[in-house]
Every structure is written in structure tokens, then in C-alpha cells.
Amino acid sequence: MLQVSNLVKRFGGIVAVNDVSVKIDRGEVVGLIGPNGSGKTTLINLISGFYKPDSGRIVFEGIDITKKDPDERVKLGIARTFQVPRLISNMTALQNLTYAVVGSRRFKEKKMTLSEAAMEALYYLDIVGLLRKRDLLCMDLPLYELRLLELARALATSPKLIMVDEVMAGLNPVEADNVVKLVQRLREEFKLTIIWVEHVLRIIMRSVERVLVMNEGKLIADGTPREVSRDATVIKAYVGEEVAV
Amino acid sequence: MVIKVEPRRGRIIIHLFDKWRLEWTVEPRYWRNPLIAAILWICLPSLIPFMPRGLPVGPTTILSSLFMANVVAISAIAHSLQTIGTGRVNFGPHFFVVVGGYVAALLNKNYGLSPALTFLAAFALTALVGLALSPLTIISRGIYFTLITMILPLILYELVFWRVDIFGAETGIPGISRLVYTGDIMNDYVMCLYLSLAITLVLLFIVDRILRSRWGFMFGVINEDEDVASSFGIETKKLKVTVFTLTCGVMGISGWLIAHYYGSFAGTVWLEPWLLIFILLSGVLGGKAAIYGSVLGSYFVVLTRDLLRPFVGEVALLALYVVLLAALYLLPEGLWGIYRKTRYREYMPTIRVRRRA
């Protein structure tokens, strides 16, 4: 489904993503982990089109999307959430989701009206359990609900691949568990492929089938959670080398 | 009976020719205020020629001021839409006004094109200049976009002096066909005013429709956060280029009106910062990107300047700026904010593009 080949992204002298190649199959749930500054979010930004790579190639469902804009990638079926929820804070939850439906390829294909788009937005709000919050402004929603709303927004663009960027950050354990269950339910209901960037290893290790580990812009491990958790390079990247005191 | 009035509880029903039915709710908050405003707006200018003589301000001054207010309003509406649709503040709207003015003046003077044809040409060629400059909305944002657009009028200013043979520098281009010529000056003033009013009303209607449509919906997101708009799947580049191009064309119409109203066009006068300030202030004072507010703001700015002149003389412009500063300080949500506060809250599909203070 997604083929990333030899991707490089530099910011001045810093190589944020260094020759990364990844292949992701349809229906997979792939965890992307790594220490702070390892290049996870940069990789997500490259795949979603917010950054353009210095070199390398990204192919999605046989189409070369390396030079395509973010909105074109959304229309092809690539959606994402942001580390810090980015929604239109001055607008209601319903309006935010309506925008996403308006931006989706379905809106054009089905020649939907704004009212129809709003009706469809209500459906996605219901799925994530925010229907009764539809008329609240985003600035009045707590972080947990903003995260759910971002997931709903990603869904509203009718994606095939969703990239979830640190969806657990700032949530308490109960909220985090709810989000995990929701993501798993969405995957089954919508037949989604998911790339899940996360810091909370405990959750990601039990929720994904495959884990990619990045460190200093490079992909250092790729395997099942069990394999990765025993990988010496990964342990070194997270814990560091033993130092004689 | 041709007209039958049927009073009911809380409303009045008017039957016309037993065919049409007009229902009027008595309670003021349900009044169709825009309709009332439009009717007053259309009717009042026709009464100005009959105002008593001997007042400090004569009817021709008022008619001329109202015409100018409409000219500023056209640019201010276009500028507001541009600000919403591109998420950027253009500091060179007067550049496009002058381009439109020169297009109209040159084509009329040199090729004998009628005002109707120069209208189309002014819109089309200014839009073309806008299209050529539209990549600016993609490659620059924030203060960089503002600075670049601020330089455009300065470039044109130099160009006007460099090619005196074409643009006539400070003298300008004289001998342009008048918009209306009936022989009666008062009639000419009133007709010109109505023409500018008609253009403003049509523009207001079109922009209102756009902002309430899905396009306006998308502009609202671009205005708030372009990256979020992209992640919604909204084609930000295409929309920004389109809205920039078309609104530049509309600003050119202001220039067309000026050129044909005065019968001569000197770009140097209109390239000075006061026109920029008038257009920007009309938007801000009217109510931050509210298009109806832009009209209110334009009328407030232009009429305050012209009506202050008989009382304070040479310092009219200075007095205007003092009044405007006070208004900006006292009305943080602008003139339109006063009206909005009295209205019930509107839900979908009205979009809120006003930023938080």
C-alpha cells in the first residue's frame, strides 16, 4: 500500500530523516517509536505532504506522491492527526468535521450539499462519542475530546491510511485505554491501515502487529513488538550504553 | 383588489394581485434587516438633491462623498474577501485600484473604448496582473507577504514617473469619457452615485453568496489555519490563487469608476498611502473581515473626512485619523459588531472568520 524509499530530509545541517525505506501493507497496524528527536513526526510530515523530501520517493497505492500537496494526498486516502490537536478553535465540533467532509473526494463525487456534509459529519461525531458536543466550540473542549475529534476528522476524509501522531500524549490511563479501543474499533469497521506514532511503549507494544524504531533519523529496527523489544540496538537507543561508574 | 393587507397576531401578511404573499413579522428581531438597509440605501441618495440650501455641506459634496464611499467600499469588500480567502493581509490594494484606473484611462483615451468596454477590460487586466502576482500567496505569508504587497504601489509609482509619455506622471491622463453626461450636473452626480451603488450592491450580494457557500466555508478554514485546511483535503493553493486573482480584478473596478467619474486619471494621487489606509480601515473599523462591516466602515471613513472639512478646514485628514483611532479603541469589534451583538446566534452554515481578540 505504502512504499517509502530512501527518504532524506535535512534541516540545515541536521539530517532529520536519513535514508529511510519502509513498506506498509494494506490493513496493517504499524507502530512507529523512537526517542525524542528521532525523526518520527518528520517522517509523518513527509508522508502526509507537509514537508517535501530532499531525496527519496513515496508511492501510495502505485501512485508516486512524492511531489503531491497535502490536500491531494488526503484525497488519495492519506489522513493524519497532529501531536498537538490542530482544529479550528473558533468553530464548533460539527463545523470542524463538516469542513473535513467538504474537503474529501466523496463530497465532489457525490455532489453533496453543505447540509448533507453536515449530516455526514454528525455520523462521524457519533462514532467517536462526541455527538452531544457538536455545538461546542473547539476551544472549549478538553484535550481528550480534541483528540477524539481529530480522529473523527481524519475519518471524515474517508481515508485508507491514517497516521496517528502521539494520540496518548497528555491523557490519563483510562482515557488512553479508551482511545486504544477506539482506534482498534475504527480499524476493523473502516478497514484502515494505521501508522501509530507513540511514546507510551506499553500501549503500543500490545496494540500493533509490527513496530518500526527510529533513532537519529535512521530506521534501526523493524519487526514484531516481541522482536523489537529484545533488539540490542533499540535498547541502546532508549536506555543508552552502560557506563562504568 | 391589487393589494390586500391582512393583520395577524405578531405579523402582517400582504397579498399582491392574489398571487404573491409577503409576510412581515412584527417582532423586530425577526425583521429582515439587510432588506430594510438595502431599501434605505437605495432610496436615500435620491433625496439628497432636495436637501435645503445654505448648509455647511452642499448636496454635490455629499453625492460626491457617497460616490467615493462606494468606490472605497468596492475595494474594501474585495480586500476583505481576499483576506478571508488567502489568510493574508494585502497592503497594496491601491496598486490594483490604480492598475484598473490606468487600464480604463489608456484604453479609453488611446483606443476610444467605451466605459462599458473599459469596465470589462479593467476587471480582466487587473485580474490578470493579480494572477501573475498570485504565487505570492503560496510562497510567502505573514509579514513577508505584507511587505511584498506594500512594495507593489511603490514600484508602480516609480514607473508612472519613468514613463511620463504613457502615464502622464502627476498630471495624469486627461480627457477620459465621463461615466454619465446629461448636461445637468446634479443629474450626473446622482446617476454616477447610483451606478457605483449598483456595483457595490451586486458585489456585496455575490460575496455574501460566496461566503455562505462551500467556498466560503473553505475560505474560513484557510483563514484560520492553512495547514489544517490542507489536512482537511481543501485545495488551498487553487483557492488562494482564484480568490486573489478575482478580488484584484474587483479592485480594478474601483479604479475604473474613479477614471471615468473624474474624466482624468493621475495614478500618483491614488497611490499615496491614504487610499490604502482608507481601504484597510474600512475593513477593520467595519468589523474585521465582515463584508457588510466593510461597507459601513467605508461610509464612516469617507463621510467623516468630507463632513469634517467644512468645520475643521485644512486639518480634516488629521481630525479624521483622531476620530478613527478613537473608534478603533472604543469599538474593538468594529461597527458591524454593534449590530451583530443585537442579533440571535446564527448556527450553520454561517461561518465565523473573526479571530479571537
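Analyst: Strands β6(A) and β7(A), the latter covering residues 161-165, run parallel and share 3 bridges. A:Ala79 has A:Ile162 of β7(A) as its bridge partner. This is a predicted model.

The pair belongs to an open sheet of 6 strands in chain A, ordered β6-β7-β8-β3-β9-β10. Pairing in the sheet is mixed. β6 (78-80) and β10 (218-223) of chain A form the edges, each pairing on one side only. Direction ignored, neighbouring strands are turned by 20 degrees against each other on average. Helix α1 of chain A, residues 40-48, packs on this sheet. α1(A) touches β3 (29-33), β6, β7, β8 (193-197) and β9 (210-215) of chain A. The direction of α1(A) makes about 150 degrees with that of β7(A).

Now the core. In soluble globular proteins, nonpolar side chains tend to be buried together. Here the largest nonpolar core has 169 residues. A:Leu97, A:Ala152, A:Trp196, B:Val72 and B:Ile77 have the most contacts inside it. Helix α2 of chain B (residues 59-86) gives the most to this core, with 15 residues.

Leaving out residues up to four places away in sequence, A:Leu97 touches A:Ala121, A:Tyr124, A:Leu125, A:Ala152, A:Arg153 and A:Ala156. A:Leu97 is one of the buried residues of α3(A).

In the contact between the chains, 20 residues of chain B meet 21 residues of chain A. On the chain B side, α9 (214-224), α10 (226-231) and α11 (236-262) each supply at least two residues. α9(B) gives the largest share, 5 residues. The side of chain B that touches chain A divides into 8 nonpolar, 4 polar and 8 charged residues.

One more helix in chain B is worth a check. α14(B), residues 291-312, has 22 residues and should span 32 Å at 1.5 Å a residue. The end C-alpha atoms of α14(B) are 31 Å apart, which agrees. Just after α14(B), B:Gly313 takes a positive phi of about 65 degrees.

Definitions and conventions:
Residues are numbered from 1 along each chain as its sequence is written. Chains are lettered from A and ligands numbered from 1 in the order in which they are written. This is a predicted model: local features need pLDDT of at least 70, side-chain atom pairs count only at pLDDT 80 or more; totals for chains, interfaces and linings use all residues. Two residues are in contact if their C-beta atoms, placed from the backbone, lie within 7 Å. Helices (H or I, at least four residues) and strands (E, at least two) are DSSP runs, numbered from the N terminus. Ala, Val, Leu, Ile, Met, Phe, Trp, Tyr, Cys and Pro count as nonpolar, Asp, Glu, Lys and Arg as charged, and the others, Gly among them, as polar. The expected span of a helix is 1.5 Å times one less than its number of residues. Two strands pair if DSSP finds at least two bridges between them. Axes are lines fitted to C-alpha atoms, for helices over the stretch in contact, and angles run from 0 to 180 degrees between N-to-C directions. A nonpolar core is a set of buried Ala, Val, Leu, Ile, Met, Phe, Trp, Tyr and Cys residues joined through C-beta atoms within 7 Å. A residue is buried if 20 or more other C-beta atoms lie within 10 Å of its own, exposed if 12 or fewer, and partly exposed in between; C-beta atoms are placed from the backbone.
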